[in-house]
Amino acid sequence: MNKLPVIPIVIALVVILGGIFIYSNSFPDTSNRPIDVLDEMAESGEKSMNQNEPVAEPEPVAEPEPVAEPEPVAEPEPVAEPEQECPFGQVLIGDKCELTVLEGNIEIIMDNFKFKPEVIKIKKGSTITWRNEDTQLDGGGGAVGWHDVTSEDGLFKSIEMGFNAGFSHKFEQVGEFNYKCTPHPFMTGTIIVVD
């Protein structure tokens with residue numbers, strides 16, 4: 001039988017395969033990167049047949065500026081209505097000052113040619129003291145330098161009171177008592193006495 005020599009065939013195959021291996025590794029590996037023919041041509045200065053002008057770089061596209069969200073506008077705080085203040089001897093009921101009943105020893109001030117408060121409601125048996133704190137009284141120009149307290153029904157009458165002087169009266173009967181300052185009749189007041 002004709003035996004083909006095995007060794008020379010194996011050697012021939014090794015030589016052929018080795019040559020193929022060496023030949024294929026002599027070129028750079030481009031399998032992992034895309035080939036951009038135009039970039040390679042631009043680097044080498046070579047022009048393609050279809051290209052009469054150099055390749056222009058695309059203009060950079062500006063990213064749009066972020067639009068700022070408008071700041072939320074805070075709603076204004078409600079403006080509190082100024083709390084209504086009532087004069088001494090009165091309380092706020094709804095939106096109106098109403099007299100309240102006071103008892104014990106109560107003081108009414110004479111100041112700036114007014115009785116303060118002008119109207120007061122007290123419980124029977126309470127004592128009112130009027131005190132002259134009017135710094136406007138000087139007695140100059142023919143005016144008197146004092147005040148007094150005189151009831152219209154004659155129930156009480158004080159002496160002439162200079163600055164810081166006072167007069168007291170205890171109310172033992174129920175009723176409404178109007179009074180004035182004799183030398184200044186525009187100064188008036190009212191005491192309402194209840195059980």
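Buried means under 20% relative accessible area, exposed means over 50%, and partly exposed lies in between (1.4 Å probe, protein chains only). The model is predicted: local features need pLDDT of at least 70, side-chain atom pairs count only at pLDDT 80 or more, and totals for chains, interfaces and linings use all residues. Residues are numbered from 1 along each chain as its sequence is written, and side-chain values use heavy atoms, with hydrogens and water left out.

**Exercise 1. Describe the hairpin of S1 and S2, then classify Glu98 as buried, partly exposed or exposed.**

Step 1. Strands are DSSP runs (E, at least two residues), numbered from the N terminus; helices are runs of H or I with at least four residues. Two strands pair if DSSP finds at least two bridges between them.

Step 2. Strand S1 (residues 90–93) and strand S2 (residues 96–99) run antiparallel and are joined by 4 bridges. Ile93 has Lys96 in S2 as its bridge partner.

Step 3. The hairpin has 2 residues between its strands, and Gly94 in the turn has a positive phi of about 70 degrees.

Step 4. Lys96 also meets Glu98 in a salt bridge between side chains (4.0 Å, N to O). A salt bridge is a side-chain nitrogen of Lys or Arg within 4 Å of a carboxyl oxygen of Asp or Glu.

Step 5. Glu98 has a relative accessibility of 30%, so Glu98 counts as partly exposed.

**Exercise 2. Give the strand order of the open sheet and name its edge strands.**

Step 1. The order of the 4 strands is S5-S4-S7-S9, with mixed pairing.

Step 2. Strand S5 (114–116) and strand S9 (166–170) are the edges, since each pairs on one side only.

Step 3. Within the sheet, S4 (residues 105–111) and S7 (residues 127–132) run parallel, with 6 bridges joining them.
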